[in-house]
Amino acid sequence: MSQRIYKPPLPLSQYVEYIWRTANSGAPPSRERVYPNGAMALVIHLQKPTASYYFENRVLTVRVPLLAGPYSMSFHMDPSESTEVIGVLFRPGAGRVFFPVPVHELHNDDVALNDLYPSDADLLLNELCSATNMDAQFQVVERYLCRNLSKAIPIHPAVGYAIEQMCSEGAFRNVRQIQRDTGFSHTRFNQLFREQVGLTPKLFGRVRRFHALLGRVQRGLPVNWAGLAADCGYFDQAHLIHDFRAFAGVTPREYSRATPGPRVTTVENAID
């Protein structure tokens, strides 16, 4: 399997974490859990017309290219189905900048780009399949995003501030405090945030705290769950276990037993 990540320059870097591309041929069928991070993504399978994701009680099959909404739950994917894929991981709240859709309707869901912008989707896929190498494919995606950015709707400053506060390393601030900082009422702040991010501020904060927790576990150091609970802003270890089960589908102990080593799969490294 080959993988490459490209981080675009400004102005895209304000809205895009990175563009990635992977080729995975000959892998046996398997199931790999993907964990939420509250951000949107654009996923393009170059050699197949659909992508499938496996949830506890349903299978979601979407035509590609697809726009993945912000997730607050985990799901499974089969790496053997991702033979040749290129995608974009947006920064939290930034997917709507490029795709002015009702983001809250995409919470825990995906939509075919062809259903939103048929001509754009066909052109993007054709240009990618015609590109001669990875660099050329990254340039195709970068040009596509820049075209969309030229007519983008900016993130509301209050929402941008809240996202920054909740995504800062080690800064697990109370959502109510952040809302008061913005000067908006509780109702208006929640409405603005949900419209632009797709999750409520409280749920987004929980997802990002869980995401930070997985980042700590991924470093490969011995895991002291009680210490991590305090470091990551949980009230106590029971609080951590509750959120971990809600977002991962398993308890920390079950996760540790099932994971041979520090590797953790999240939305952004599901391509590994």
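How many bridges join β5 to strand β6 (residues 59–63)? Five, and the two strands run antiparallel.

## Ground rules

This is a predicted model, where local features need pLDDT of at least 70, side-chain atom pairs count only at pLDDT 80 or more, and totals for chains, interfaces and linings use all residues. Residues are numbered from 1 along each chain as its sequence is written, and side-chain values use heavy atoms, with hydrogens and water left out.

Helices (H or I, at least four residues) and strands (E, at least two) are DSSP runs, numbered from the N terminus. Two strands pair if DSSP finds at least two bridges between them.

## The β5–β6 hairpin

Back to that opening pair: a hairpin of four residues takes β5 into β6. Across the pair, Ser52 sits opposite Thr61 in β6. Strand β5 (residues 50–54) has four of its five residues buried, so it is largely enclosed by the rest of the structure. Here, buried means under 20% relative accessible area, exposed over 50%, and partly exposed in between (1.4 Å probe, protein chains only).

## The six-stranded sheet

Six strands make an open, antiparallel sheet, in the order β1-β2-β9-β4-β7-β10. At its edges are β1 (2–6) and β10 (110–112), each with a single partner strand, so one side of each has no neighbour in the sheet. On average, neighbouring strands are turned by 20 degrees against each other, direction ignored. As background, strands of a sheet pair through backbone hydrogen bonds, either parallel or antiparallel.

Helix α3 (residues 118–130) lies across β4 (41–45) and β9 (84–90), running at about 55 degrees to β4. For these angles, axes are lines fitted to C-alpha atoms, for helices over the stretch in contact, and angles run from 0 to 180 degrees between N-to-C directions.

## Helix α7

Buried in α7 are Phe189, Leu192, Phe193, Gln196 and Val197. Down the axis they fall within an arc of 105 degrees, so they line one face of the helix; the arc is that of the directions from the helix axis to the C-beta atoms. They pack against α1 (95–98), α5 (157–167), α6 (175–182) and α8, where contact means heavy atoms within 4.5 Å. Just after the helix, Gly198 has a positive phi of about 100 degrees.

## Helix α10

In α10, the buried set is His239, Leu240, Asp243, Phe244, Phe247 and Ala248. These cover an arc of only 130 degrees around the axis, which puts them on the same side of α10. Their packing partners are β3 (32–34), α8 (201–218), α9 (225–231) and α11 (252–258). The face turned away from the buried side carries exposed Ala238 and His242.

Ala246 is also in α10, and at 42% relative accessibility it counts as partly exposed. Ala246 and Ser74 are 172 residues apart in sequence but 8.8 Å apart in space, C-alpha to C-alpha. After the helix comes Gly249, with a positive phi near 85 degrees.
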